[in-house]
Amino acid sequence: MTASRIVALGHHQPPKVLTNDDLSALVDTDDEWIRSRVGIRTRHIAEDETLVDLAVGAAEKALARAGTTPDQVDLVAVATCTAVERSPNTAAAVAARLGIPAPAAYELNTACSGFSYALATADHAIRAGAATRALVVGVERMSDIIDWTDRTTCVIFGDGAGAAVLEAVPDERAGIGPVVWGSEPEKGEAVAISGWKPVISQQGQTVFRWATTQVAPLARRACEKAGIDPSELRGFVAHQANLRIIDAIAGRLGLAEDAVIARDVVDSGNTSAASIPLALSKLVERGELHSGDPVLLFGFGGGLAYAGQVVRCP
């Protein structure tokens with residue numbers, strides 16, 4: 001039997017940093033108000049870099065760390081909800097920039113859970129024998145869809161990208177556990193990106209209540225399917241939506257006291273589909289997580305779609 005594992009990670013953020021004080025000059029807000037509600041201190045905002053530029057920046061780092069050349073990649077999956085061009089899709093554009101010849105290339109949009117969805121579909125393709133090495137990217141330019149006069153949303157989001165290189169391995173060396181995924185479409189309007197010139201809107205309290213009560217049981221189910229108790233996890237990387245949400249979910253999981261909990265939202269804001277690979281890549285790069293460590297990934301949000309799995313660090 002064939003399975004897959006992550007062999008390398010990479011991330012990229014644009015250089016411009018927008019602070020809470022910067023935002024206070026645009027809307028009626030201040031540092032204390034923002035930190036107390038969502039825990040965010042800064043976020044990165046793209047200026048000249050396109051969505052593809054951000055994705056390529058993260059992908060190049062992941063490929064270099066994996067020692068993988070473009071001709072060795074046969075599948076490219078990009079998760080995003082902020083693509084402007086409909087065709088070629090973002091994955092095809094990224095593959096072209098990287099010089100990847102003839103890959104399967106698809107773009108996937110489940111908003112904030114997008115990376116976990118894309119990771120699962122790439123893992124499934126490898127397990128089915130349809131691919132042997134995959135590049136999976138989560139990337140967003142959330143600044144393109146923000147109403148900069150709405151203080152309830154403009155303080156939350158940022159731009160960035162994270163990428164993972166997957167390769168086929170024997171089943172006994174599997175590094176990506178079974179996915180738990182689903183949605184609550186009847187609550188889909190709680191986080192929406194709508195309009196011909198799209199703008200993001202959200203019902204903050206609805207999302208907060210749902211995430212803090214419903215995500216932890218789903219996350220525990222992902223652990224069960226992977227055959228691991230939450231207390232055995234070395235790390236937890238949730239979608240970086242809101243610091244209060246992350247801490248609430250982590251508190252309900254029964255993690256070990258020394259487990260590493262990703263809180264990249266403080267410095268990067270909510271980067272939707274990019275948030276999980278961005279945060280995971282930083283933790284590995286800083287040496288807070290090590291090769292083989294079991295880490296629970298769990299994405300949730302837009303459309304109230306969710307997905308999560310336990311992975312082994314590269």
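Let me begin with helix 4, residues 90-98, whose buried residues are Thr90, Ala91, Val94, Ala95 and Leu98. Buried here means under 20% relative accessible area, with exposed over 50% and partly exposed in between, using a 1.4 Å probe and protein chains only. The arc is taken from the directions that run from the helix axis to the C-beta atoms. As a general point, an α-helix has 3.6 residues a turn, so residues three or four places apart point the same way.

Before going on, a word on the source: this is a predicted model, in which local features need pLDDT of at least 70 and side-chain atom pairs count only at pLDDT 80 or more, while totals for chains, interfaces and linings use all residues. Residues are numbered from 1 along each chain as its sequence is written, and side-chain values use heavy atoms, with hydrogens and water left out. Helices (H or I, at least four residues) and strands (E, at least two) are DSSP runs, numbered from the N terminus.

What do the buried residues of helix 4 pack against? They pack against helix 3 (51-66), strand 4 (75-79), strand 5 (104-108) and strand 6 (133-141), where contact means heavy atoms within 4.5 Å. At the N-terminal end, Asn89 caps helix 4, with a side-chain oxygen 2.9 Å from the backbone nitrogen of Ala91. For such a polar contact, the cut-off is a pair of N or O atoms within 3.5 Å; within protein, one must be able to donate a hydrogen and the other to accept it, and residues adjacent in sequence count only if both atoms are side-chain atoms. Just after helix 4 comes Gly99, with a positive phi of about 75°.

Strand 4 holds Ala77. Ala77 counts as buried, at 0% relative accessibility. Leaving out residues up to four places away in sequence, Ala77 touches Tyr106, Ala118, Leu135, Val136 and Val137.

Now helix 8, residues 243-253. Its buried residues are Leu243, Ile245, Ile246, Ile249, Ala250 and Leu253. Seen down the axis, they fall within an arc of 165°, so they line one face of helix 8. Their cover includes helix 2 (31-38), helix 7 (204-226) and strand 11. At the start of helix 8, a side-chain oxygen of Asn242 comes within 2.7 Å of the backbone nitrogen of Arg244. Gly254 follows helix 8, and its phi is positive, near 80°.

Five strands form an open sheet in the order 8-14-13-11-12, with mixed pairing; two strands pair if DSSP finds at least two bridges between them. Strand 8 (180-183) and strand 12 (260-261) are the edges, each pairing on one side only. Strand 11 (residues 235-238) and strand 13 (residues 294-300) run parallel and are joined by 4 bridges. One of the residues in this pairing is Val237, whose bridge partner in strand 13 is Leu297.

Last, the cysteines. How many disulfides are there? The count is 0, a disulfide being a pair of cysteine sulfur atoms within 2.5 Å. For Cys112, the nearest cysteine sulfur is that of Cys81, 6.3 Å away. Cys112 is buried, at 9% relative accessibility. For Cys313, the nearest cysteine sulfur belongs to Cys223, 14 Å away. Cys313 is also buried, with a relative accessible area of 5%.
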